[in-house]
Each structure stands twice: as structure tokens, then as C-alpha cells.
Amino acid sequence: MLLNRDEIREDKYFDMLTEAILERSQPRTTDLFFRMTRDEHSVGDALSVVTAAEAPFVQVPSHINVRDGQISLINNDHTLLGLRASAYLMPYLPEKYRLLPLLQSVWYIPAGLDIWNQLLGKYPGRYATMKGINVPPPSYGPVVWQEDHKPIREQGTIEERLHAHMIATVSGDSRRSYVCSWASPRKKRCARGYANSWSSSA
């Protein structure tokens, strides 16, 4: 069973990971994650802690921006998707190399903060670099676009809840897009599969 929300924030690695991520230190963030997997943490628990540490800083105010009349889609969950994909890869690798995909994904986290401002040339990171924008290291941290909220319990079938999520996303309803619960109340499963992939890899 994965750590609950209170256990994650009380974990001794949570503050250290948050600090390393905000310092944009890829080596330290990756080393801390690796140490967690060697320090009585399951892979699932380690993923829960590092995800909670990065989550406030990879959100965006909207998934759609318009620049020069062109619609630009802004994805907030690229680092989370990397972690999920890596968790799926683990069983296919020899035991000795099983953590490599996860370590690569964790290495990417500090370069993936505040994508919205990266694309505007206001915060350094991989997306800014991809656009050819050289942003000097700032004296401030990434913007936290969405404050923490209790989950919104969406009603209906899984198809209806996913459709509601899509509408919230494309309409710019960031609060519902981020904090709606898409888990089935009966099966206790996450529709997008994050929790399943992590717990099955733990």
C-alpha cells in the first residue's frame, strides 16, 4: 500500500527533494530518489514522495495559450508521464538496471518546472532551451499556479468522468482539471493509471 498524504509530507525525504527540485539540482534530486529506494522505501513510496514534492511547480494556469494568433497547447504533466512510463518499463529490464528509466525521469524533473513561464522565456528549463531561449538563473522560484485543494468528487461513469476532465482541460477550468477525482469509488482505481503503475512496480 502506498503512503498516504500525511505520511508523504512527514517523510524525511520530502523537504530535501523539494529543496533540490527548487534549486534545479538534477544530480541531487536523482541521488535523493536513489537513496530512498535503498532506505526502506518501496519504489511506489519513493515515487509518491518525489511526485508530491514536484507537483506544485509543474502546474500551469491553463492548458491552452494563444501566441501570435496561434493556439499553443501547454502540458503540465510531462514529468509525471515520464515517471509512469518508466515504471511500466521496469519489469522488462534486468534487475541490475531496473531503476535506470526512473532515475532518468527523476533527473528531468528540475528542468521541467513552470512550463508556462519557460515557454514565455521567464523561467529556465528544458522547454525554454528547446525554444532557443537562454534564461539566466532567476532569484525567484517557479510560480505555483494552483493552490492545494481537497479533491472534487466527479460523478458518473468512467467515460463521463473522463469526458468532464477533457472539457475542464480545454475550457481552462484548471481547478477541476487538476483536483477532480477520476478514481472509481467502487474499484478504487485511478482512471489514468498512475497509482496502478507505481503500486505494481513497488
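Biologist: Hi! What should I know about the model before we start?

Modeller: It is predicted, so to speak of local features we need pLDDT of at least 70, and side-chain atom pairs count only at pLDDT 80 or more, while totals for chains, interfaces and linings use all residues. Residues are numbered from 1 along each chain as its sequence is written, and side-chain values use heavy atoms, leaving out hydrogens and water.

Biologist: Thanks! How many aromatic pairs are there?

Modeller: Two aromatic pairs. Rings of Phe, Tyr and Trp (its six-membered ring) pair if their centres lie within 6.5 Å; planes under 30 degrees apart are stacked, over 60 edge-to-face, and the rest tilted.

Biologist: Why is the pair of Trp116 and Trp145 edge-to-face?

Modeller: Because their planes stand at 65°, with the ring centres 6.4 Å apart.

Biologist: And is Trp116 buried or exposed?

Modeller: Trp116 is buried, at 13% relative accessible area, whereas Trp145 is partly exposed at 29%. Buried means under 20%, exposed over 50%, partly exposed in between (1.4 Å probe, protein chains only).

Biologist: What about Tyr123 and Tyr140?

Modeller: That pair is tilted, with 6.3 Å centre to centre and 50° between the planes. Tyr123 is buried at 1%, and Tyr140 is partly exposed at 46%.

Biologist: New topic: which residues have the most contacts inside the largest nonpolar core?

Modeller: Leu17, Phe33, Val49 and Leu102, in a core of 27 residues. A nonpolar core is a set of buried Ala, Val, Leu, Ile, Met, Phe, Trp, Tyr and Cys residues joined through side-chain atoms within 4.5 Å.
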